Amino acid sequence: MMEMRSEMAVIQPRARSGPLPKRGLPWGRWFHWLYCSLSYIFLLSPMIVVIGASLHGGEYYTAIKFPPEDPSFQWYFKIPAAQFHALGLSFLLGGAATLGACLVGIPAALGIVRSNLPLKTLISALFRAPLQIPAIVTGIAFLQLYFLVGDATGLYAQGTFLGLYLGHFFVATPYVIGTVTAILQRFDNRLEEAALSLGASRWRTFRRVTLPVIMPGVYAGALYSFMVSFGDVPISIFLTAPGFTTYPVELFYGLENDFDPSILASASLVIFFCLIVLLGMQKLVGLEALLRSGSR
Amino acid sequence: MKYRKSFIATSVAMALGVGSVLATGASLAGEFDGVTLKVGTWGGSWKENIVNVIVPKFEAEGGTIEFVTGSPQANLAKLIAGRGKAPFDIMEILDAQIQDFRSAEFLQPLSLDAIPNKAHLEDWQVSDDTIGSWFTQETICYNKDKFAELGIEPPKTYSDLANPKLEGRLSIPDITSGGGLANFGAFAHAGGGDEANIQPGLDLVKSMNALKFWSRGGEVVTQFQSGDVYAAVVHAGWCVRAKNAGSNVTTVHPYINDQHTGVHKHGWLGIMKSSENAAAANWFINEYLDAGFQFEFATKSGVVPVNKEAIGRLSEDPVLDEMLQTSSEEISQQLRIDYSKADIADWTDQWNRSVAQ
């Protein structure tokens, strides 16, 4: 009885008098504001410097000139055609690698999570192995492989779009597998069972039930895949050839000797393009909603 | 009959006309019709200088030139991966790599008869499989104003850079940078060692208290511009650029033991063994060594020509005259690293253990 009384005493709310206590320290809000501001400045400053330096209005300059003197858009009109060609190739390559990664990654993730294969752990590790290998080693390995295959068959893939594509596909796929696997592991199988029990075919069940649920993982994996492919230098450096040079490699070689301001101008255009695409997606669909629901 | 004669005359005239057109066409045909020459070289402004001068001449001969851009290190890696099957016919080679190329037998002999411009080079710059194409003069570049402010005499040797007043204000090349090996070899000689005994060079570098180790020459220009460094070990071309960018800098070719003043790094051209365009490649080399191209290329790229006529013209430019040594006597005094005596892997390993910590 005594114990019961004491418990009742514990659960009774304490009488509160006076104003509510303030959360945290009095300067916490300001500290939070300052911390966030500095973080944003740190994250955005490289882009600000690149965009600012691209507006340098003077003569050819061998180093980044920031803030720019006599601002002008002159370097935007001097961007070499090779950079636009390389940019187009990178978008095409990134898109193709992402598509391939999704086509292979989604079934692979389903197999890894749901199958009862005897060497499932090993297979899972193999699919993720490209992330463990230094990219430069991957590039050399692919180049050697192409020569070996070429010697045996007479079909040399180095210096071709296919050769570049295979290298990018190799590193892009694990990202889709990783993100889709993560969602599948939390997947409620009863949803599929319900669809099947109501007469849906396996394909329809996959298309109408499974796929919408795993789409956030597909979107996230596709985004990572595209970013990895688009920004890759170490692999592309070994697999590019005249006419098949990707945008980052073109910039990398262009910067080896000088800070050519036209490179900064070109990079600024890409930054603006990406911002416009992201803002457009945010406006039209909403990025958060897209990644969260995956159903749009 | 009249018509028949007229027909014959017309036919003969047409035949002559077609024949003359074909003959004219044949005489207009270039030396390299349909040939695509692939050149392995650096990208950016380096490549553009070649594109602007040599490519139009080659196209006038009916051929096209494609560029496989990349550093000589990256292109050598491609060659090794391809077991000698090069994605290019001709490539730029650094002096530190020549031993690798020869031991792997990646090069084919040059047709020196097809390269008349070799006559303008020093004898040692011409060999059976490689030919000198440019060189750099590795110097000490220093800010005259800052040295005067600190009361420091202009440096004469690398040891002068160990001055405590320069602590944290010095930039030297990392061993992986373009001039890294040449300058490290020079440090070894200056410290009393040589290519086979690099410990004195390591000790010398450690005594300098460098601010940082640059990997691209452009970094030095920025560092001078921002006032971060007062002195740098860098090739004269970057010092010229720093001066053109507004820094009051000049070069010193440091004394290296009693025999040498300054050190240089050499660029070479070689034709790949796998190339089937040797004639075009030899033509390209000859154009590369032309005095006009050498002068233009050198002044725009910050290197020194190998063509003696072009070197003589450098003194026409007051800034280049101040920064570079242009007489044969001076150039012959500069140290050339003998990479056949050097274990480059060991150099890099020792550097990483001792300096780059």
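User: Why does A:A194 count as partly exposed?
Analyst: Buried means under 20% relative accessible area, exposed over 50%, and partly exposed in between (1.4 Å probe, protein chains only). A:A194 therefore counts as partly exposed, because its relative accessibility is 34%.

User: What do the model and its numbering rest on?
Analyst: Residues are numbered from 1 along each chain as its sequence is written, and chains are lettered from A and ligands numbered from 1 in the order written. The model is predicted: local features need pLDDT of at least 70, side-chain atom pairs count only at pLDDT 80 or more, totals for chains, interfaces and linings use all residues, and side-chain values use heavy atoms, without hydrogens and water.

User: Which residues of strand 8 of chain B point one way, and which the other way?
Analyst: Strands (E, at least two residues) are DSSP runs, numbered from the N terminus. Strand 8 of chain B covers residues 231–235, and five of its five residues are buried. In a regular strand the side chains alternate between the two faces of the sheet. Here B:A231, B:V233 and B:H235 point one way, and the other way point B:A232 and B:V234.

User: Which residue stands opposite B:A232?
Analyst: Two strands pair if DSSP finds at least two bridges between them. Strand 5 (residues 130–143) of chain B runs antiparallel to strand 8 of chain B, with five bridges joining them. The residue opposite B:A232 is B:C141.

User: Which residue stands opposite B:A231?
Analyst: Strand 6 (residues 170–173) of chain B is joined to strand 8 of chain B by two bridges, and the two run parallel. Opposite B:A231 stands B:L170.

Key:
Helix = DSSP H or I, 4+ residues; strand = E, 2+ residues; numbered from the N terminus.
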